[in-house]
Amino acid sequence: MRRTLLAIMLGLVAGLGTVLGGCALTRLPNVPLTLTGSPATPPILGPLDGTAAVASRADWESRRVPRLKTLFQSQIYGAMPAPARVDILSRVVLQAPAKGPIGTIERITLAVSLDRPGPWPGGRPVVDMILITPKGKGPFPIIAGGTFCGNDALFPKTPEPQTLKVRTTNMPLPPECGGGLPAFMVEAIFGKNANSPPWEAIARHGYALASWHPGDVVPDVPGIAEPYLAALTPDGTPPDQRTGAIAAWAWTLSRMLDVLAADPRIDPEHMLLWGHSRHGKAALLAAAFDPRPVAVWALQSGTGGASLDRDEVGEPIGAITASFPHWFAPVYATTAARPDARLLDQHQLIGLLAPRSVLVGTGRRDQWGDPHGSFRALMGADPVYRLYGLPGFAQTSLTKPAEVGPLAFYMRPGLHGIHSQDWAQALAFFDRTVPKLPPTAPNISLKP
Ligand code: GTR
């Protein structure tokens, strides 16, 4: 009882902090509508760390891609955990609404096998993945990603809550997700889709959705995350390159794709990733290391995501590594005061996704997320796409996303959050850039 009261009080304090933070943020000014800042450096095809400039697409793939993957691990995100076997512990069909476009809602609980036991209950990471498929037979293209408050928050207004017991893991949720802040306030501050993607609209566009809580694998709390990170770090990794939480979450996304790719209802050729903010960083990193996602939508992913870091516009490296030391390899913090020691910037991460589709979303008052730095990161990645004979980043407006090519950017009004218009942009982008199978059910249309 006392623990419950304590949890409620902690939730209220966290909730109040969020409200006050949200109120302070509403005073942030808009960023300009004309681009500011310098081009991304180093040039993406230029010399890197003593190696010669990239001469061709084959040269990019055989020499530069492996070098960049090594450097992103050793300089920023820490060592990626090794691929691992995934076991399906259970599949439970949850009741789907009878009306509307949803066919099934299912909870698939996965366990990932590691070489040695770690601090998770049972010794290995267990993930509750919610899979929502449209009506019809499929196979469906799938959009996969994590949400901040996990699966309980996915169905806020469902009339049959007892049928939607969506969590089996005992890993903690952030305190502000424990009921401290009523859902309507979360939506008012962080947007209608802050915790719950618009799964009906997604299904109407013909996509399945896979959702999970990244805290199931690494709790998003400095200090508390460390034993989990230590357990995921490959043997022999230098301590300053231990796996960071973003790398761990990215690796888990790949383990989810392992399961989804083997599911007959899912089209393995059309798997897409999405993520907001810290989870947008993880979605980009996952696709940089895993060739299977054909498209990524990163919303307000900022520093360590789709924004350039070297210019220190938006969230500085010193600030992000002080607040969230568990997200990155410890070595990343040491470059905060030494911009010259940095070999990389985030346009090179986006370049690793070529030739696949990338949509970068930003908010005009989300200065911390650095909208202009994200636009310049896409410009910096463009030459790699051109090696593939693609139009690259064919966009000049900061607000109107490109209508051709695999790279696009948008800047909507407002702050940090996930609004219906963000998902509308993402679905329009996915519909445009990801050719889908013809619909298998007569009642599903692929267009809005
Ligand atoms: C902020 C952090 C950002 C961003 C954001 C989020 O506090 O500074 O880098 O990731 O959290 O994930 O909502």
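Before I turn to the structure, a definition: two strands pair if DSSP finds at least two bridges between them, and the strands themselves are DSSP runs of E with at least two residues, just as helices are runs of H or I with at least four, both numbered from the N terminus. What you see above is a predicted model, in which local features need pLDDT of at least 70 and side-chain atom pairs count only at pLDDT 80 or more, while totals for chains, interfaces and linings use all residues. Residues are numbered from 1 along each chain as its sequence is written, and side-chain values use heavy atoms, with hydrogens and water left out.

Let me begin with strand 8. Strand 7 (residues 293-299) pairs with strand 8 in the parallel sense over 5 bridges, and Val296 stands opposite Val358 in strand 8. Strand 8 is also joined to strand 9 (residues 407-412) by 6 bridges, and these two run parallel; here Leu359 has Ala408 of strand 9 as its bridge partner. Between strands 8 and 9 the chain passes through helix 11 (residues 371-387), in a β-α-β crossover that is right-handed, a term which says that, with the strands pointing away from the viewer, the path from the first strand over the helix to the second runs clockwise.

Why is strand 8 described as largely enclosed by the rest of the structure? The reason is that 7 of the 7 residues of strand 8 (residues 357-363) are buried, where buried means under 20% relative accessible area, with a 1.4 Å probe and protein chains only. In a regular strand the side chains alternate between the two faces of the sheet. In strand 8 both faces are covered, with Ser357, Leu359, Gly361 and Gly363 buried on one side and Val358, Val360 and Thr362 buried on the other.

Strand 2 (residues 102-112) is mostly covered, with 9 of its 11 residues buried. Strand 2 pairs in the antiparallel sense with strand 1 (residues 86-94) over 8 bridges, and Leu94 stands opposite Ile105. Strand 2 also pairs with strand 3 (residues 126-134), again antiparallel, over 9 bridges, and Thr104 has Thr133 as its bridge partner there.

Finally, the ligand. Which side chains come to its oxygen atoms? An N or O atom in the side chain of Arg278 is 2.5 Å from a ligand oxygen atom, and one in the side chain of Glu315 is 2.4 Å from a ligand oxygen atom.

Definitions and conventions. Polar contact = N/O pair within 3.5 Å; in protein donor to acceptor, adjacent residues only side chain to side chain. Buried < 20%, exposed > 50% of the residue type's maximum accessible area, 1.4 Å probe, protein only.
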